[in-house]
Amino acid sequence: MDAGLLVLRLVTGLLIAGHGVQKVSFRLGGHGLAGGTEEFRHDGFRGGRLTAVVAGASQIGAGLFLAAGLLTPLAAMAAMGVMTVAGTVKWPKGLWVQNDGYEYPMVLVVVCAALALTGPGRWSADHALGVTPWPLWVALAAIVIGPASGLMTRLVLHRQPSAPGGKAHAPAAD
(Lines give C-alpha, C1' and ligand atoms only; values in the text may rest on other atoms or scores of the structure.)
Protein backbone atom coordinates (compact mmCIF):
# COMPACT_ATOMS: atom_id res chain seq x y z
CA MET A 1 0.00 0.00 0.00
CA ASP A 2 2.79 2.45 0.84
CA ALA A 3 4.45 1.91 -2.54
CA GLY A 4 1.15 2.62 -4.29
CA LEU A 5 0.62 5.82 -2.31
CA LEU A 6 4.17 6.91 -3.08
CA VAL A 7 3.66 6.42 -6.83
CA LEU A 8 0.29 8.17 -6.73
CA ARG A 9 1.71 11.13 -4.75
CA LEU A 10 4.79 11.48 -6.94
CA VAL A 11 2.96 11.37 -10.26
CA THR A 12 0.06 13.56 -9.18
CA GLY A 13 2.18 16.05 -7.25
CA LEU A 14 4.83 16.43 -9.94
CA LEU A 15 2.20 16.88 -12.67
CA ILE A 16 0.49 19.61 -10.65
CA ALA A 17 3.84 21.29 -9.90
CA GLY A 18 4.82 21.05 -13.57
CA HIS A 19 1.56 22.69 -14.57
CA GLY A 20 2.45 25.58 -12.25
CA VAL A 21 5.96 25.85 -13.70
CA GLN A 22 4.38 26.25 -17.14
CA LYS A 23 2.31 29.20 -15.88
CA VAL A 24 5.31 31.24 -14.77
CA SER A 25 8.25 30.17 -16.93
CA PHE A 26 9.36 28.83 -20.30
CA ARG A 27 10.21 25.47 -18.74
CA LEU A 28 8.25 22.31 -19.49
CA GLY A 29 6.69 23.89 -22.57
CA GLY A 30 5.45 27.01 -20.75
CA HIS A 31 5.07 30.38 -22.38
CA GLY A 32 6.64 32.43 -19.60
CA LEU A 33 4.90 34.67 -17.13
CA ALA A 34 3.55 36.82 -19.97
CA GLY A 35 1.99 33.71 -21.52
CA GLY A 36 0.51 32.63 -18.19
CA THR A 37 -0.88 36.12 -17.67
CA GLU A 38 -2.43 36.09 -21.14
CA GLU A 39 -3.93 32.64 -20.53
CA PHE A 40 -5.75 33.93 -17.44
CA ARG A 41 -6.94 37.02 -19.27
CA HIS A 42 -8.15 34.88 -22.17
CA ASP A 43 -10.03 32.69 -19.68
CA GLY A 44 -11.76 35.80 -18.32
CA PHE A 45 -9.83 36.40 -15.10
CA ARG A 46 -8.79 39.77 -13.76
CA GLY A 47 -5.58 40.35 -11.87
CA GLY A 48 -3.13 39.88 -14.71
CA ARG A 49 0.39 38.97 -13.69
CA LEU A 50 -0.47 38.63 -9.99
CA THR A 51 -3.14 36.04 -10.77
CA ALA A 52 -0.69 34.03 -12.89
CA VAL A 53 2.05 34.20 -10.22
CA VAL A 54 -0.27 33.17 -7.39
CA ALA A 55 -1.81 30.35 -9.41
CA GLY A 56 1.58 29.09 -10.59
CA ALA A 57 3.11 29.31 -7.12
CA SER A 58 0.11 27.53 -5.61
CA GLN A 59 0.41 24.70 -8.11
CA ILE A 60 4.17 24.39 -7.66
CA GLY A 61 3.98 24.46 -3.87
CA ALA A 62 0.97 22.17 -3.56
CA GLY A 63 2.41 19.73 -6.08
CA LEU A 64 5.83 19.52 -4.44
CA PHE A 65 4.36 19.16 -0.94
CA LEU A 66 1.97 16.48 -2.23
CA ALA A 67 4.81 14.60 -3.96
CA ALA A 68 6.84 14.69 -0.75
CA GLY A 69 3.87 13.74 1.41
CA LEU A 70 4.44 16.88 3.48
CA LEU A 71 1.41 18.43 5.18
CA THR A 72 -0.59 16.18 2.89
CA PRO A 73 -4.14 17.36 3.67
CA LEU A 74 -3.11 21.01 3.25
CA ALA A 75 -1.22 20.27 0.03
CA ALA A 76 -4.23 18.34 -1.27
CA MET A 77 -6.51 21.22 -0.30
CA ALA A 78 -4.41 23.75 -2.25
CA ALA A 79 -4.17 21.44 -5.26
CA MET A 80 -7.93 20.84 -5.20
CA GLY A 81 -8.47 24.60 -5.12
CA VAL A 82 -6.38 25.41 -8.18
CA MET A 83 -7.64 22.40 -10.11
CA THR A 84 -11.24 23.35 -9.30
CA VAL A 85 -10.57 26.74 -10.90
CA ALA A 86 -9.20 24.92 -13.97
CA GLY A 87 -12.32 22.75 -14.03
CA THR A 88 -14.58 25.81 -14.02
CA VAL A 89 -12.75 27.19 -17.05
CA LYS A 90 -13.26 23.94 -18.93
CA TRP A 91 -16.81 23.26 -17.66
CA PRO A 92 -18.63 24.79 -20.68
CA LYS A 93 -16.80 22.38 -23.00
CA GLY A 94 -18.21 19.29 -21.29
CA LEU A 95 -16.55 16.41 -19.49
CA TRP A 96 -14.19 14.82 -21.98
CA VAL A 97 -10.62 16.01 -22.37
CA GLN A 98 -10.59 15.49 -26.15
CA ASN A 99 -13.03 18.41 -26.30
CA ASP A 100 -10.88 20.41 -23.82
CA GLY A 101 -13.33 19.45 -21.09
CA TYR A 102 -12.90 19.23 -17.33
CA GLU A 103 -12.09 15.50 -17.12
CA TYR A 104 -8.40 15.97 -16.24
CA PRO A 105 -8.86 18.66 -13.54
CA MET A 106 -11.66 16.57 -12.05
CA VAL A 107 -9.44 13.47 -11.87
CA LEU A 108 -6.73 15.50 -10.10
CA VAL A 109 -9.26 16.87 -7.60
CA VAL A 110 -10.53 13.35 -6.85
CA VAL A 111 -7.01 11.92 -6.49
CA CYS A 112 -6.08 14.75 -4.11
CA ALA A 113 -9.24 14.11 -2.08
CA ALA A 114 -8.34 10.43 -1.88
CA LEU A 115 -4.81 11.27 -0.73
CA ALA A 116 -6.20 13.61 1.93
CA LEU A 117 -8.38 10.74 3.19
CA THR A 118 -5.83 7.92 3.00
CA GLY A 119 -2.84 9.94 4.08
CA PRO A 120 0.53 9.85 2.35
CA GLY A 121 1.69 6.45 3.56
CA ARG A 122 4.82 5.48 5.46
CA TRP A 123 7.20 6.64 2.74
CA SER A 124 6.47 10.33 3.23
CA ALA A 125 7.70 13.43 5.00
CA ASP A 126 4.56 13.43 7.17
CA HIS A 127 5.40 9.95 8.45
CA ALA A 128 9.05 10.88 9.02
CA LEU A 129 7.92 13.90 11.05
CA GLY A 130 5.42 11.81 13.02
CA VAL A 131 2.35 13.79 11.97
CA THR A 132 0.38 10.91 10.46
CA PRO A 133 -2.24 9.73 10.58
CA TRP A 134 -4.01 13.03 10.19
CA PRO A 135 -7.38 13.26 11.98
CA LEU A 136 -10.36 12.55 9.73
CA TRP A 137 -11.77 16.02 10.37
CA VAL A 138 -8.61 17.57 8.85
CA ALA A 139 -9.03 15.54 5.65
CA LEU A 140 -12.74 16.33 5.44
CA ALA A 141 -12.09 20.03 5.99
CA ALA A 142 -9.46 19.97 3.22
CA ILE A 143 -11.89 18.24 0.85
CA VAL A 144 -14.52 20.92 1.45
CA ILE A 145 -12.27 23.99 1.69
CA GLY A 146 -10.12 23.17 -1.36
CA PRO A 147 -12.87 23.11 -4.00
CA ALA A 148 -14.85 25.83 -2.19
CA SER A 149 -11.81 28.13 -2.32
CA GLY A 150 -11.47 27.39 -6.03
CA LEU A 151 -15.10 28.30 -6.64
CA MET A 152 -14.71 31.49 -4.57
CA THR A 153 -11.59 32.39 -6.54
CA ARG A 154 -13.56 31.97 -9.74
CA LEU A 155 -16.35 34.21 -8.45
CA VAL A 156 -14.01 36.93 -7.19
CA LEU A 157 -11.55 37.06 -10.09
CA HIS A 158 -13.73 36.28 -13.10
CA ARG A 159 -14.78 39.23 -15.25
CA GLN A 160 -18.27 39.54 -16.61
CA PRO A 161 -18.27 38.45 -20.27
CA SER A 162 -19.75 41.70 -21.56
CA ALA A 163 -21.35 44.91 -20.40
CA PRO A 164 -24.68 46.24 -21.63
CA GLY A 165 -24.25 47.49 -25.15
CA GLY A 166 -21.94 44.61 -26.10
CA LYS A 167 -18.66 46.03 -24.82
CA ALA A 168 -16.47 43.72 -22.80
CA HIS A 169 -15.30 44.88 -19.39
CA ALA A 170 -11.70 46.04 -19.46
CA PRO A 171 -9.28 43.76 -17.64
CA ALA A 172 -7.82 45.02 -14.42
CA ALA A 173 -4.30 46.35 -14.50
CA ASP A 174 -1.42 44.16 -13.43
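**View 1. Packing of the buried residues of helix 3 against other helices.** The buried residues of helix 3 are in contact (heavy atoms within 4.5 Å) with helix 1 (2-24), helix 2 (32-42), helix 4 (72-90), helix 5 (103-118) and helix 7 (136-157). Helices are DSSP runs of H or I with at least four residues, numbered from the N terminus. The model is predicted, with local features requiring pLDDT of at least 70 and side-chain atom pairs pLDDT 80 or more, whereas totals for chains, interfaces and linings use all residues. Residues are numbered from 1 along each chain as its sequence is written, and side-chain values use heavy atoms, without hydrogens and water.

**View 2. The buried face and the length of helix 3.** Buried residues (under 20% relative accessible area, 1.4 Å probe, protein chains only) are G48, T51, A52, A55, G56, Q59, A62, G63, L66 and A67. They lie on the same side of helix 3, because their arc around the axis, taken from the directions from the helix axis to the C-beta atoms, is only 140°.

View 3. L71 is located in the loop between helix 3 and helix 4. Its relative accessibility is 33%, so L71 counts as partly exposed, a class that runs between the buried limit and the exposed one of over 50%.

Notes
Helices (H or I, at least four residues) and strands (E, at least two) are DSSP runs, numbered from the N terminus.
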